[in-house]
Every structure is written in C-alpha cells, then in structure tokens.
Amino acid sequence: MSRSILALALLASVTFAPAQTPLQSVIDAAEKHITAELLGAHLGFLADDLLEGRGVGTRGDYLSRLYIKAVFEGLGLEAAGTDGKWEQEVPIIGINAQVSRKLTAKAKDGRSLSFTAPRDYTAFAGRVDNVTEWKNAELVFIGYGIDAPEQEWDDYKGVDLAGKVVLVMNNDPSDDPKLFAGKTRLYYGRWSYKYEEAARRGAIGVIVIHTTPSAGYPFQVIQTGQGQERFWLPFAKIEKTLAIRSWCSEDAARSLAALGGHDLDELRSKAETRAFRPVPLGVTVDVATTNTVRIIKSANVLGKIPGTDPGLRDEAVVVTAHFDHLGKGRPVGDDDVYNGALDNASGMSALLALAKACANLDAPPRRTILFAAVTAEESGLLGSLYYARNPTIPPKKIIANYNIDGINIWGPTKDIAMIGYGKNSLTDLAAAVAKRRGRVLVANPETDKGYFYRSDHFSFARIGVPSAYFKAGNDFHERGDVRRRIKLSYTGTRYHQPSDEYDARWNLEGGALDTRLLLECLLRTVADDDPPTWTPGDEFEKLR
Ligand SMILES: [Zn+2]
C-alpha cells in the first residue's frame, strides 16, 4: 500500500467508523474484556509474596511499576508521565521522630505538669529538621478549629496564632442536622484538616483531643504510631508547617485545661455554637523530638488513551488506583509480608482490566482517558497528592476522577455502594447506569467514618475535580448471609494485616460485574456533552 493510500485508509477509519457506532454498543463490546480471570491474573502477580507487600521505595514498588508499565505498553496506551516517559517521579521524605524532651506544661503561677508518651500524648515532627520543638509556647483552645464561610462558622475569629500551639476537638459539630451535614463527617471533621488550618494561621503545633466517639477508634490506634516512620512530600519553601503535630488523651486534655483554671467540658460545650471564641488557656507547653530523615524515590505510572473529538480531547477523565501497600513489617505468626491483596492489588487489577477494555474500543473516546497507577497511598495519599500538585493535565480540564481502592472479592451483588453518595453529579450518572444494568446504587452506610477523605480520589476533589469511589455491595445474588459474614470478617481481621493475601478461590465475578459498571460510567463521562458538576453547596464546589 502506498503511503498516501495508507493515510487515506487511516483517515477513513478514524473519521467515519466512530460516528456510526452508538455508544451503548461500544460499551457492550468493550466490557467483554473485563473478566474474573483477567482480574485474578493481575492479582496473582501483584499480591505475590515476591513483591514483598509493595512497600514505598522498595524492590516490590519497582517491580509493581515495571509490571504496570509492561501492561500499559502492551495494550498500546500512550506514555503520559514526565517528558514522554511512563512515570512521574514522586520524591518522598521519611521522618522518624523520637521524643527527646517530654511534654511539659506550665501555668502562670509556676505550677507545672509533665506527660508521658505515648501514654498521654503522641508527638510527630511536622518539619524536615533534625530537631523540632515547642519552647514554652502559649496554648490556645480553639474548639473544633473550623473556618467554614458557607456554614457561617468561624472558630478562629481572627485570633493571632503565630508561634502558638492549639488544643482542638476532633470531628465537627453534629447535633444540628442542618450544620456540617449532620452526622456525616465532612473534611472539616478530619484531624488532618485541623493540622492544615492551624498551620495556615501560623500555629507551630496542634494537640488533637482524642475521644473514641470523635475519632472512631481507640487511643491505642494513635499510640502505636509513636516512634514509627512517617512520610511526606517535600515541603514547598512557602508552605507553613507545624513543628510538631500531636494527639492527647481526653484525661491529658482535662489536666491541661485545669492547669490554666479551665474546665474541659465547659470549654467544649461553648465550642458547639457559632458564638465560640478561642480561649487562651494561660498555659505554656514545651516538647521536642529528634528526627531521622531519609529521601525515598517512587513514581506514579501514567498511561493514556487520547480523545478524538477536536473540541473535547484536551479534557480528560482520570482513573486512579494505588499500587503500593505496607511492605514488610511486624510478623504475625511467621508471616511478615503485608501483601495488600484486596488493598489494593485488587483495585490495581481492575484498573488494568479497564485499560484493556478502553484500549479495545470499537470507536475511540471523545475525551482523553488517563490511567494513573499511583504510589504511596498508604503513606498519606502521597502519590495522588503529588499528581494533584503537579498535574500533567490542567485541573480545570480534568472533568472527573474514578478511583478504585478494593473490589468485590465475595461474589456478585445486586447493589453497588458509593462513598460520597450525592456529592456530585457522578452519583446520578452511576445510579442511572446501575438501573439500566438491573442493579441499584446505594450510599455507603458508614458516613461518619469520613471514607471520602481516605483514598486517592480525595486528592482530586481537593483540586476541584468531581470524583467517585465505589465499594462492594451487600445484596449478594446467592448465599447472602454467609457472604456478608465473610466480607465483614475480612475487613475486620485482614485489613492492613499479612493475611490480606490472594486466594485463587476468591469469587471475582462480583468484582468483574462492578468493574463493567464502572467502565460504563467512565465511557459515558468521557462521551457526555456536559462535564460532571459538584452538588450545589457541597464542600468542594468552591474549588472548581
Ligand atoms: Zn487502599
């Protein structure tokens, strides 16, 4: 064939074929690529002991990336990392902080108290320095530490926090159903928000008061983190950081307040109203940590299928799944490999299966689809956060994000759950798609746990991108009682344990079914004339 005839033939196939193929038949044809066998094949590799739990910066991290690249390349995806490579390098800082001067508190009259870590409090370095400290810093109680203009709520009232340490309550006011989405936890209710907001206002430290109801877990969960390495992205020079981030037990908070002549319960009840004003406690606090710092290199693996519509192809939908897990750690029995089969070799497998379906479309997509295998989710969503700070596509052009973190390994269900149900128009789309498929979209029931802020789609929401995150349903086609029990015990006993291991007997038909539903949502989002939008009044609407 001469070059010009070849060019003509190519042109014809690109220009005419897609227009004649209705979207639904394209979707139906593509979903045949998503099978339980394919999911199992990827899972078997990624969750193998040889990958040593895919810990950040380890050999398993490298092997995972190599595998993902190979799959992307084999499917004919286009490399979409930095400088035409498959990878976007992600630099990560590991800080191990040891308390070197224990927490003490002094009142104006000279009385003092001293506390023991991790019995009474924890202290983590918030900066990359050899020593981080509070030196006789003033302690201010700031209630929930929330500034939410859309709720007409401001706990700060312009207080000067420069060089000070704040004592703050976890969660958000939840008594009034009209405020802060009632019992549903918004980002304002997460401890990470408290740290960020106080740092922005110049505070050098935050002590979050632990209570089991407000945290959702006992103080012991926080205590076990003391002395363990923490991971961060490199701080920008202008970024305001806390010298030390801390939690304390409710008893310790009571003592701190009492030392300054205050009653903790009284302080907390004042914090339940809009009229609350910060209370200087008349106490200074002092603590230091000595830190060991190392630099780790990892990367996100990025592959894309370019869109073909001249008016829309510079817009993209990003599909994310994290490939990292916890690596090797404290042995349980004789097993020290934290395989993370469900979390998140399974989600990574689903992403690779989606990529296969999208690479084999009968008609190419109108908008671009970017597949992002992200690193260091377990270290604080760092891979996706790095991408969000260094996007390869302008955030305004990223019209949606679909994130996969764990799939259904228990068998097909009629329902499929969505975390962040109703937050944006992707809910309506997914509900319609589910209905067409004889299924039903439900809200994930545990809205108080803040799951929307705990996986990679959150990094996209924070730059304004409407994002969706599905979870396995509970309405099983067969043997519902048994399967619900197995599912519950898996999350209860194997989550973040060496026993989260792949078993070839897993029933991945449910995962395949859910991934096909996700494919349909993805391809409709890519093809729709109107980009998704946040629900009016949603906490992320203003970021779009
Ligand atoms: Zn995960």
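Phe470 is in contact (heavy atoms within 4.5 Å) with Tyr402, Asn403, Ile416, Ala417, Met418, Ala430, Leu441, Leu517, Leu518 and Cys521, when residues up to four places away in sequence are not counted. The structure is a predicted model, in which local features need pLDDT of at least 70 and side-chain atom pairs count only at pLDDT 80 or more, while totals for chains, interfaces and linings use all residues. Residues are numbered from 1 along each chain as its sequence is written, and side-chain values use heavy atoms, with hydrogens and water left out.

Phe470 is also one of the residues with the most contacts inside the largest nonpolar core, together with Phe72, Met348, Leu351, Phe371, Tyr402 and Ile404. This core has 70 residues. A nonpolar core is defined as a set of buried Ala, Val, Leu, Ile, Met, Phe, Trp, Tyr and Cys residues joined through side-chain atoms within 4.5 Å. Buried denotes a relative accessible area under 20%, exposed one over 50%, and partly exposed a value in between (1.4 Å probe, protein chains only). Helix H11, residues 341-359, gives the most to the core, with 12 residues. Helices (H or I, at least four residues) and strands (E, at least two) are DSSP runs, numbered from the N terminus. Apart from this core lies another, of 52 residues, which includes Leu179, Ile204, Leu267 and Leu281. In soluble globular proteins, nonpolar side chains tend to be buried together.

Asp343 lies in helix H11 and Asp405 in the loop between strand S17 (398-403) and strand S18 (415-419), so the pair ties together parts that are 62 residues apart in sequence. Both Asp343 and Asp405 are buried. The peptide bond from Asp343 to Asn344 is cis, with omega near 5°, and Asn344 is found in helix H11.

Asp405 is among the residues touched by Ser455, the others being Glu377, Leu381, Asn403 and Tyr469, with residues up to four places away in sequence not counted. Ser455 is located in the loop between strand S19 (440-443) and helix H14 (457-461), and is buried, with a relative accessible area of 1%. Its C-alpha atom is separated by 9.0 Å from that of Ser384, 71 residues apart along the chain.

Tyr469 is also in contact with Ile419, as are Asn444, Tyr451, Phe452 and Lys471, neighbours within four places in sequence being left aside. Ile419 is placed in strand S18 and counts as buried at 5% relative accessibility. In strand S17 lies Ile398, which is buried, with a relative accessible area of 0%. Apart from neighbours within four places in sequence, Ile398 is in contact with Ala316, Val318, Tyr387, Ile393, Phe460, Val465 and Arg544.

Three further features of the backbone were identified. A cis peptide bond runs from Ala117 to Pro118, with omega near -5°, and Pro118 is placed in the loop between strand S3 (112-114) and strand S4 (121-125). Asp83, although not a glycine, has a positive phi of about 50°; this residue lies in the loop between strand S1 (78-79) and strand S2 (87-107) and counts as exposed at 69% relative accessibility. Lys157 likewise has a positive phi, near 45°, in a residue other than glycine. Lys157 is found in the loop between strand S7 (153-154) and strand S8 (165-169), and counts as partly exposed at 28% relative accessibility. Most residues other than glycine have a negative phi, and most peptide bonds are trans.
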